[in-house]
Amino acid sequence: MISQRAIQTMLAAEREGYVAANPRSAALAQEAARHWHRGVPFHWMLDWGTPFPLFAARAQGAALWDADGHRYDDFCLGDTGSMFGHSPAPVARAIAAQASLGLTYMLPTADAVVVADELAKRFLLPFWQVTSSASEANRAVIRWCRGITGRDKVLVFNGCYHGAVDDVFVDLRGGVPELRRSLVGQVYDMREHTVVIEFNDLPALEAALAKGDVACVLMEPAMTNVGMVLPDPGYLEALRQLTTHHGALLVFDETHTISTGYGGHTATHGPLPDLFVLGKPVAGGVPCAVYGFSAEVAERMERCRAEGETGHSGIGTTLSANALALAAMRACLSEVMTPAAYAHMLPLAEDLAAKLRAVIAANGLAWHVTHIGARGEFLCTDKPPRNGSEARKAMQGPLEHALHLFLINRGVLIAPFHNMTLVSPATTPAQVDRLAEVLDQCLKTLIGHS
Ligand code: PMP
């Protein structure tokens, strides 16, 4: 229905439009290229697929302004770091107050007491630790799980992403595990200590766990990094039983599924994992992450530490749990990530999904729209994928690229990596309507050229 020729025509026109509309970003890009490798301070900033990077000037709530003065309806929200809005007032105030009191001491502050109580109440696990990123939290959790179980294997799901974490970069291609093809500088074979299976496949899970060498199952309760893949009804409960039965620890990485509702997927739908990871938005965008665990895991950690030598554990970095991060996290948890915030986000995200479905159907396309609370995604395929292989197959690089550029040129940002949208407490119904309208224009243009 949408031809390759139409996609290429749109890409050419949109690239031209982008260049004409963004002279200030173009000039900044040229200057930045003098000393930033590939012209940006961090290479992911090239993933938007624009002819040159869009330079941001400022952002507030669910709006972002670029260096040329254009205003965007921001559904990317720093891909989740700003999921509860850019610079929420309580977080901005907390950062300003802490700024002149010292930023990092390697000592706890009174904020830490409030934060731990908040975390335990909301996420239903009694003990917590802080890291500087979700990647780092996942690395810590993997190390702890191996340490306390004495088992070497980590089990992950095909198509997963848990950050810059070596152990998880194993994919299934045609049923065969292989190292993720895009890795740089990989010198050891993770397949020795990582097991990868498809999501929603209980027999494969049972067979893998029965070998008795899996330390932990590390997973998102619903996959969000290969498009979205929802758990089949009853899947997570069965998985919880199997992990317990076979002595493997269950880790939920809720860095993205925190969108589900207050307390994340765990508190909203269950089951309760042994360990829980949350990064990105937890301190409103200040680098920070947390991991929580059960009393039983805490006790096993103690025994594991007592048996080992003192000194470096391989866990933690110097700036972890610094005073600035704790102040920001306190404000974010107690004043921003509130039940009232979710009460705004969830129905509006539902509305967005319904409007996108209507636009897609009106244009005669059989695409699939899904959402996990405030986090939405459309896939250019008719059937909801049940696992990573099916989701990967549904991705349509050039089409998605053309669509993203079309949206950017009309003042709408969605996540650059796939077709993901976030609804924040600051997002308005008018912004949702505009995204649906611009997608409609885009699809009509593509179909018109086909
Ligand atoms: N866990 C999940 C589920 C993620 O999606 C990501 C990043 N997209 C991470 C962990 C890593 O987060 P960070 O890059 O902030 O370390």
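Trainee: At roughly what angle do the axes of helix α1 and helix α14 cross, and within what distance do they come?

Mentor: Two packed helices are described by the angle between their axes and the distance between the axes. Note that this is a predicted model. Here the axes of α1 (residues 4-21) and α14 (residues 429-449) cross at roughly 125°. They come within 8 Å. The two helices are therefore oblique to each other.

Trainee: Is the crossing of α1 past α14 left-handed or right-handed?

Mentor: Right-handed.

Trainee: Which residues make that contact?

Mentor: From α1, take Ala-6, Ile-7, Thr-9 and Met-10. From α14, take Thr-445, Leu-446 and His-449. By class, the α1 contact with α14 has 4 nonpolar and 3 polar residues, and no charged ones.

Trainee: Now another pair. How do the axes of α6 and α7 cross?

Mentor: Read the angle, then the distance. Helix α6 spans residues 202-210 and helix α7 spans residues 235-246. Their axes cross at roughly 10° and come within 10 Å. Angles under 35 degrees count as roughly parallel, so α6 is roughly parallel to α7.

Trainee: Which residues of α6 and α7 meet?

Mentor: α6 brings Leu-202, Leu-205, Glu-206, Leu-209 and Ala-210. α7 brings Tyr-235, Ala-238, Leu-239, Leu-242, Thr-243 and His-246. The class count for this contact is 8 nonpolar, 2 polar and 1 charged.

Trainee: Let's move to domains. What are the bounds of domain 1 and domain 2?

Mentor: The domain assignment gives domain 1 as 4-84 + 339-449. Domain 2 is 89-336. Their C-alpha centres lie 27 Å apart.

Trainee: Why does Gly-316 count as partly exposed?

Mentor: Count the C-beta neighbours. A residue is buried at 20 or more within 10 Å, and exposed at 12 or fewer. Gly-316 has 16 inside 10 Å, so it counts as partly exposed.

Trainee: How many residues along the chain separate Gly-316 from Ala-140?

Mentor: They are 176 residues apart along the chain.

Methods:
Residues are numbered from 1 along each chain as its sequence is written. This is a predicted model: local features need pLDDT of at least 70, side-chain atom pairs count only at pLDDT 80 or more; totals for chains, interfaces and linings use all residues. Domain bounds come from an automatic or database domain assignment. Axes are lines fitted to C-alpha atoms, for helices over the stretch in contact, and angles run from 0 to 180 degrees between N-to-C directions. Helices (H or I, at least four residues) and strands (E, at least two) are DSSP runs, numbered from the N terminus. Angles under 35 degrees count as roughly parallel, over 145 as roughly antiparallel, 65 to 115 as roughly perpendicular and the rest as oblique. A crossing is left-handed if the near helix is turned anticlockwise from the far one by less than a right angle, and right-handed if clockwise. Two residues are in contact if their C-beta atoms, placed from the backbone, lie within 7 Å. Ala, Val, Leu, Ile, Met, Phe, Trp, Tyr, Cys and Pro count as nonpolar, Asp, Glu, Lys and Arg as charged, and the others, Gly among them, as polar.
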